[in-house]
Amino acid sequence: MTVPAAATASPAPVWRDVVGQAAAIAVLERAVLAARAVVDAGENVVPGAGMTHAWLLTGPPGSGRSTAARAFAAALQCPDGGCGRCHECRTALQGSHADVALVATEHVQLRVDDVRPLVALAQRRPSGGRWRVIVVEDADRLNDNSGNVLLKALEEPPPRTVWVLCAPSADDVLVTVRSRCRRVGLRIPPVADVADLLVRRDGADPAIAAYAARAAQSHIGLARRLALDEGARIRRREVLTLPAKIRSVGAAVIAAGQLVEVAGEESRAATGERDAAERAALLHSLGAEGATTLPPAVRAQVRQLEENQRRRATRAQRDVLDRALIDLLSLYRDVLVLQLGAGEDVDLVNVELEQQVRALAAGSTAEATLRRMDAIGEARERIEANVAPLLAVEALMVALGRAP
Ligand SMILES: [Zn+2]
């Protein structure tokens, strides 16, 4: 069998850190070629010819969506289609390229006020680069109003503008918006590819990288944190040893408190420093540094900032908690694998906890394990729906502790 040359050519260096995504990269590289033809045609270009101006990049959390979007932006800007070394490539990958806008939100929704400036930006020719690229990292957070505003821009794209919308799946994006985009899907990358990336890019120890990629179930961001931060490894272990300790309702309530506490600690560690810096910068810009009493106008601004920071902290805590619940889910998934007798063919996610997994498997039934996994799913949904985390986690721990 002969393989076409294009399929055997390895991707341009700029795609180096986009691991396990050969199919998606092939599609995007063809687009980069088409884009070069458009640039080479100069002013003779027919608007819309040869290049797709709106892309929807989908993939599960941690699959590398935003890394892929940046690599695509870099390849579009690079005179060599993504050499990975030139100024265009480096700045686009780092997020500092003047013609590549990276839009992420910490709010629950992208609002009209967030989208309008982007639509205006899309109308402007690139300042020095070959394309104006606008990457919207949370396109699933567009609401009806902001989606409508964006739609206008997607329908009549200026000849040198490329939109790259990112979302977990196409179903998460307004149908009007996604119908105007060309879709490229990322898959969950193989564990070995993620481990390689951690060693090569982040200098992680190979054994720890292998553990981290497996424990994070190929979520690249989580794997990276597990590989580089011993505190994160210890916290994960604490979470996974909770089920063995729940022998009564009282113990379940204590375990719930511990879990929420660990999540709070971790999210505070992540946001605290930034909050203080933002506050200092705001006071500085208002000329109110070191003031003991703040004038009313300043006070209003500080209150607004604190409000935003509180919202961000709440979201960070919920995100951390959700990850802890995904870890717990992986533990029961392992228990189920053993209970169903599939342990020979299927690798455990938590190999290092095999003894505990075996004990849990021996002490319950597959039905009970499925019930517990359902309870974890329900807790995740309740937390997502803004139920107080401690309440949701207490109910979960009681359900996990119930007799098999
Ligand atoms: Zn380059």
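In this predicted model, Ala139 sits in the loop that links β3 (132-136) to α6 (144-155).

**A loop residue and its surroundings**

Is Ala139 buried or exposed? Its relative accessible area is 1%, so Ala139 counts as buried; the cut-off for that word is under 20%. Setting aside neighbours within four places in sequence, Ala139 is in contact with Leu165, Cys166 and Val173.

**Two helices side by side**

The axes of α5 (residues 112-123) and α6 come within 8 Å and cross at roughly 10 degrees. Because that angle is under 35 degrees, α5 is described as roughly parallel to α6. Which residues make the contact? From α5 come Val112, Val115, Arg116 and Val119, while α6 supplies Asn145, Ser146, Val149, Leu150 and Ala153. Sorted by class, the contact has six nonpolar, two polar and one charged residues. In general, two packed helices are described by the angle between their axes and the distance between the axes.

Arg178 belongs to helix α7 (residues 175-178). Not counting residues up to four places away in sequence, Arg178 touches Leu56, Ala170, Asp171, Val173 and Arg183.

Gly221 lies in helix α10 (residues 220-228). With 41% relative accessibility, Gly221 is partly exposed.

| Pair | Apart along the chain | C-alpha to C-alpha |
|---|---|---|
| Ala139 and Gln109 | 30 residues | 9.3 Å |
| Arg178 and Leu154 | 24 residues | 10 Å |
| Gly221 and Leu325 | 104 residues | 16 Å |

**The zinc site**

Now for the metal. Which residues coordinate the zinc ion? They are Cys78, Cys83, Cys86 and Cys89, each through its SG atom, at 2.3 to 2.4 Å. Along the sequence, these donor residues follow the spacing C-x4-C-x2-C-x2-C. Both Cys78 and Cys83 are buried.

Why is the arrangement tetrahedral? The four donor atoms subtend angles of 103 to 116 degrees around the zinc ion, and four donors count as tetrahedral if all angles lie between 85 and 135 degrees. For comparison, the ideal angle for four tetrahedral donors is 109.5 degrees.

Conventions
Residues are numbered from 1 along each chain as its sequence is written. This is a predicted model: local features need pLDDT of at least 70, side-chain atom pairs count only at pLDDT 80 or more; totals for chains, interfaces and linings use all residues. Side-chain values use heavy atoms; hydrogens and water are left out. Donors are N, O and S atoms within 2.8 Å of the metal (3.2 Å for Na, K and Ca); water is not among the atoms, so sites may look incomplete. Four donors count as tetrahedral if all angles lie between 85 and 135 degrees; four count as square planar and six as octahedral if opposite donors are over 155 degrees apart and all others between 65 and 115; anything else is irregular. Buried means under 20% relative accessible area, exposed over 50%, partly exposed in between (1.4 Å probe, protein chains only). Helices (H or I, at least four residues) and strands (E, at least two) are DSSP runs, numbered from the N terminus. Contact means heavy atoms within 4.5 Å. Axes are lines fitted to C-alpha atoms, for helices over the stretch in contact, and angles run from 0 to 180 degrees between N-to-C directions. Angles under 35 degrees count as roughly parallel, over 145 as roughly antiparallel, 65 to 115 as roughly perpendicular and the rest as oblique. Ala, Val, Leu, Ile, Met, Phe, Trp, Tyr, Cys and Pro count as nonpolar, Asp, Glu, Lys and Arg as charged, and the others, Gly among them, as polar.
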